[in-house]
Amino acid sequence: MKDKLKDALSKFNPAIRFLKRYAVFIYVMILLCIFGFFILRINLYSRMEPSDDAVQEKLQAVQRPKVDQSVLDKIQQLQDQNVQVHSLFDQARNNPFSE
């Protein structure tokens with residue numbers, strides 16, 4: 001039995017020596033293949049666009065804010081009464097991204 005086991009192991013010795021010799025190279029190649037696969041999949045998913053049905057579904061889920069007309073009237077009234085507020089409204093209207 002031991003002779004058969006030694007015989008079988010001796011048949012695998014060339015393969016084991018080969019694997020020991022090129023283990024680092026094989027490991028690096030496997031990692032490169034995995035990273036390459038991930039990069040290709042990320043590239044594929046980054047180029048995909050949603051379907052029209054998905055876009056419409058998301059648009060229907062968004063609730064648009066509604067402004068009460070009385071609030072708008074009050075803001076316009078205050079704007080007309082105060083010159084400083086009027087200048088702030090004009091400035092915000094002309095450049096909305098400034099602070």
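**Figure 1. Surface and overall build of the predicted model.** The accessible surface of the protein comes to about 10,200 Å², and carbon and sulfur atoms account for 62% of that. Areas here come from the Shrake-Rupley method with a 1.4 Å probe, and for residues only the protein chains shown count as cover. Buried residues make up 1% of the 99 residues, where buried means under 20% relative accessible area, exposed means over 50%, and partly exposed is in between (1.4 Å probe, protein chains only). This is a predicted model, so to speak of local features takes a pLDDT of at least 70 and side-chain atom pairs count only at pLDDT 80 or more, while totals for chains, interfaces and linings use all residues. Residues are numbered from 1 along each chain as its sequence is written, and side-chain values use heavy atoms, with hydrogens and water left out.

**Figure 2. The helices and the space they span.** You'll find five helices and zero strands here, giving the pattern α-α-α-α-α along the sequence. Helices (H or I, at least four residues) and strands (E, at least two) are DSSP runs, numbered from the N terminus. The C-alpha atoms fill a box of roughly 105 × 35 × 25 Å along the principal axes. The radius of gyration is 36 Å, whereas a compact globule of 99 residues would have one near 13 Å; the radius is taken over C-alpha atoms, and the globule rule is 2.2 Å times the number of residues to the power 0.38.

**Figure 3. Where the charges sit.** The protein has 14 positive and 11 negative charges, and their mean positions are 26 Å apart. Lys and Arg count as positive and Asp and Glu as negative, with His and the chain ends not counted. Each charge is placed at NZ of Lys, CZ of Arg, CG of Asp or CD of Glu.

**Figure 4. Aromatic pairs.** The count comes to two aromatic pairs. Phe18 and Tyr22 make a tilted one, at 4.9 Å centre to centre with 50° between the planes. Phe18 has 47% relative accessibility and counts as partly exposed, and Tyr22, at 33%, is also partly exposed. Phe37 and Phe38 form a tilted pair too, with 6.1 Å between centres and 50° between planes. Phe38 is partly exposed at 46%. Rings of Phe, Tyr and Trp (its six-membered ring) pair if their centres lie within 6.5 Å; planes under 30 degrees apart count as stacked, over 60 as edge-to-face and the rest as tilted.

Figure 5. Ile26 is partly exposed at 30% relative accessibility, and Ile30 is partly exposed at 48%. Ile30 and Asp3 are 27 residues apart in sequence and 36 Å apart in space, C-alpha to C-alpha. For Ile26 and Gln91, 65 residues apart along the chain, the C-alpha separation is 65 Å.

**Figure 6. Glu49 in its loop.** Glu49 lies in the loop between helix H2 (23-47) and helix H3 (52-61). With a relative accessible area of 71%, Glu49 is exposed. Glu49 and Leu72 are 23 residues apart in sequence, and their C-alpha atoms are 39 Å apart.

**Figure 7. Confidence along the chain.** The mean pLDDT is 84, and 91% of the residues reach 70 or more; pLDDT is the predictor's confidence in each residue, from 0 to 100. Among the elements, H2 has the highest mean pLDDT (96) and helix H5 (residues 83-94) the lowest (67). Where pLDDT is low, the predicted coordinates should not be read in detail.
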